[in-house]
Amino acid sequence: MMLILLISSGLVVISFIAAMVVNPHSSWITNNYSKIALVTMSVLLAFTVVELVPIAVEYSHNGLIFIVLGILVPLLFHHGGQEHTNERKVHLSLKLLMIGACLHSFIDGTIMITGILAGTSLGLLVILSMLLHKFTEMIMFSLILASRIKRKINLFLYLLGINFFTVLGMVIASFLVTSPEIFSELTGIAISLSSGIFIHMSLTTLSTEISRSRLKSANIYPFVGCAIYFGLHVFMH
């Protein structure tokens with residue numbers, strides 16, 4: 001329990017640092033919103049396909065079904081025949097992002113608890129690597145959220161909310177590890193749904209931004225984002 005509290009404190013610090021690093025009022029973010037959206041969403045897409053989808057399929061035999069559901073469920077929030085204002089679109093994308101991020105963070109917590117229960121140098125390595133993963137993840141989410149949230153305190157609270165689900169995942173998983181089959185299936189379903197939501201959101205945002213952007217090379221920025229992700233992926237592995 002003490003280790004869970006220490007990890008929770010570390011996640012609060014990570015949330016604070018990520019919120020401080022990214023300034024929603026920065027003129028750089030305002031002037032380069034389209035570029036940032038294209039790069040960060042392509043990073044999110046690459047991360048989902050490379051990292052989350054294989055884990056989802058490994059944990060649950062029905063993983064692919066729930067990935068498809070995760071892609072289709074957000075369509076229920078779109079009502080035909082209604083013209084969505086920019087404010088409504090921002091609110092919807094923020095809602096989808098938070099749902100996917102919280103599900104994913106919940107799973108991060110379940111992975112951390114395996115490191116805690118291992119109690120060896122390997123377990124410590126798992127925890128440290130997950131904290132590094134959470135830091136880079138929070139920076140990515142803060143960049144995505146900064147274009148939708150205008151106050152630093154709100155950005156910090158959103159990031160803190162995401163990390164709260166990491167702690168929740170640790171606590172709940174500590175009771176479910178006695179039933180490996182249930183634990184594995186629930187983990188696979190949660191990862192699958194978050195994967196589908198991330199795929200839907202990233203592809204929707206990418207296509208929307210490219211179609212309305214005035215940048216002549218707008219369709220190149222998704223490749224830049226993927227290159228950044230794969231560079232980080234190779235470095236961290």
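## Helix H4 and its buried side

In helix H4, residues 63-72, three residues are buried: Gly63, Ile67 and Gly70. Their directions from the axis span an arc of only 60 degrees, which places them on the same side of H4. The model is predicted.

Which helix holds Gly196? Gly196 sits in helix H8, residues 180-212. Gly196 is buried, because its relative accessible area is 0%, against a cut-off of under 20%.

Leaving out residues up to four places away in sequence, Gly196 touches Ile67, Gly70 and Ile71. Ile67 and Gly70 are among the buried residues of H4.

## The largest nonpolar core

The largest nonpolar core has 51 residues, and Phe141 and Leu159 touch the most other members. Helices H1 (2-21), H3 (33-59), H5 (86-118), H6 (121-146), H7 (152-176) and H8 each give two or more residues to this core. H3 gives the most, with 11 residues.

What does Leu159 touch, residues up to four places away in sequence not counted? The list is Ser15, Ala18, Ala19, Met138, Phe141, Ser142 and Leu145. Phe141, on that list, is the other residue that touches the most core members.

## Two salt bridges

The count of salt bridges is two. In general, side chains of opposite charge can pair when their charged atoms come close.

Lys134 lies in helix H6 and Asp108 in helix H5, so the pair ties together parts 26 residues apart in sequence. Are these two residues buried or exposed? Both Lys134 and Asp108 are buried.

The other bridge pairs Glu209 with Arg212, whose closest N and O atoms are 2.7 Å apart. Both residues lie in helix H8; they are three residues apart, so about one helical turn separates them. Glu209 counts as buried because its relative accessibility is 4%. Arg212 counts as partly exposed because its value is 47%.

Methods: Residues numbered from 1 in each chain as written. Predicted model: local features only at pLDDT ≥ 70, side-chain atom pairs only at ≥ 80, totals over all residues. Heavy atoms only, no water. Buried < 20%, exposed > 50% of the residue type's maximum accessible area, 1.4 Å probe, protein only. Helix = DSSP H or I, 4+ residues; strand = E, 2+ residues; numbered from the N terminus. Arc of directions from axis to C-beta. Contact = heavy atoms within 4.5 Å. Core = buried A, V, L, I, M, F, W, Y, C linked by side-chain atoms within 4.5 Å. Salt bridge = Lys/Arg side-chain N within 4 Å of Asp/Glu carboxyl O.
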